[in-house]
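Hello,

Here is the structure I promised to pass on. Please have a look, and then read on for what turned up in it.

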Amino acid sequence: MTNQMLAPILLGPNQPPARAYRGGAGIRELRGEGSADAHTPEDFVASTTCTFGSDIVGLSHLPDGELLRDAIAAAPEAWLGEEHVARFGTDTALLVKLLHTGERLFNHAHPDAAFAAAHLGVARGKTESWIITATGERATADVWLGWNRDVSAAELADWFDQQDTDGMLAAMNHVEVRAGDVVHVPAGTPHSIGEDIMLVELQEPVDLSIILEYAPFPALDRAMALLGLTPDTALRAVDTRRADPESFLSRVADGSFLPRAADPFYRAERMRGGSVLDPGFSVLVVLGGSGTLGGAPISRGATAVIPYGAGAVALDGDLVAIRCRPPKPAPVS
């Protein structure tokens, strides 16, 4: 790693192609650049995570063309810090996405770590949190989060077998969200994101989804929806208990703002110009304004990866940004 790399690094869009749902216009609006393909609704920011079934798609490149994953593997302590490496190795323990829905995203759930290890040979599950940044031309938009009553395994299996979208959505909590809302989605929670929502997403660094509603989406089929598992096995990853919709929701505030339930998985802070970022691997998403990061110009829509070795970094100017971080190196008790 060169001394130049021990500074924040601006990253361009990284939008995997041929995703199963439409979107991405909100990413272009925020960043001022990006893919115009209707099936690029996600921007994997500073990603060392591949899309499911690939060993390359989803990985971020540094400006010189090197994969971020390879740069970290070559100098892990410079990128991640000694304490992080002691706990997580060369794994960044974080995936950040920009996501914009051009249509309602299919109802799905993500397995937890125990299920992923037992049935998919993957060490992590996928808990995620959404920071809603825009809802198009409307003041609010729609999401569906968890069941509004206890659901039996037989009922869930029948909905999946019949591809009964109306039945599934009617049994879910319908929630209206607005810019500034934070939605925390534990692994196992069925969820669907409505049309024309722009968000910053923090998640565990895997791409695993049990897709409950595949029939309306031409790019999906039954085997893909189940990650190659049998329906009986795959649907056991879905939490069938009634959920309180308010338990998923909070609001963005300056400083750390995610609910405590997110602590074992990732951290986020809202930062403004005039702040100093303490040393640590992190991903910065600028939501508004302009200024400098470590003395380099930065403005709305920019994304940057900040190595641990950059030390304390000044954020100056009329800026509002989200700093996304892995969990603390010491396990959360």
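**Salt bridges**

Arg 19, Glu 42, Lys 97 and Asp 207 are joined in a network of salt bridges; the term stands for a side-chain nitrogen of Lys or Arg within 4 Å of a carboxyl oxygen of Asp or Glu. Please keep in mind that this is a predicted model, in which local features need pLDDT of at least 70 and side-chain atom pairs count only at pLDDT 80 or more, while totals for chains, interfaces and linings use all residues. Residues are numbered from 1 along each chain as its sequence is written, and side-chain values use heavy atoms, with hydrogens and water left out.

By the rule above, the count of salt bridges is 22.

Asp 207 sits in the loop between strand 10 (198-203) and strand 11 (210-211), and Arg 19 in the loop between strand 1 (9-11) and helix 1 (25-31), so the pair ties together parts 188 residues apart in sequence. Helices (H or I, at least four residues) and strands (E, at least two) are DSSP runs, numbered from the N terminus. Asp 207 is buried, at 12% relative accessible area, and Arg 19 is buried as well, at 15%. Here buried means under 20% relative accessible area, exposed over 50%, and partly exposed in between (1.4 Å probe, protein chains only).

Glu 29 and Arg 300 also meet in a salt bridge, at 3.0 Å from N to O. This pair links distant parts of the chain, with Glu 29 in helix 1 and Arg 300 in the loop between strand 17 (296-299) and strand 18 (303-306), 271 residues apart. Arg 300 is partly exposed, with 35% relative accessibility.

In a further salt bridge, the closest N and O atoms of Asp 70 and Arg 69 are 3.7 Å apart. Asp 70 is partly exposed at 37%, and Arg 69 is partly exposed at 33%.

**His 61**

Where does His 61 lie? Its place is the loop between strand 2 (42-45) and helix 2 (68-74). His 61 is partly exposed, at 46% relative accessible area. Neighbours within four places in sequence aside, His 61 has contacts (heavy atoms within 4.5 Å) with Leu 11, Glu 66, Leu 67 and Leu 68. Leu 11 is 50 residues from His 61 along the chain, and their C-alpha atoms are 8.0 Å apart.

Enjoy exploring!
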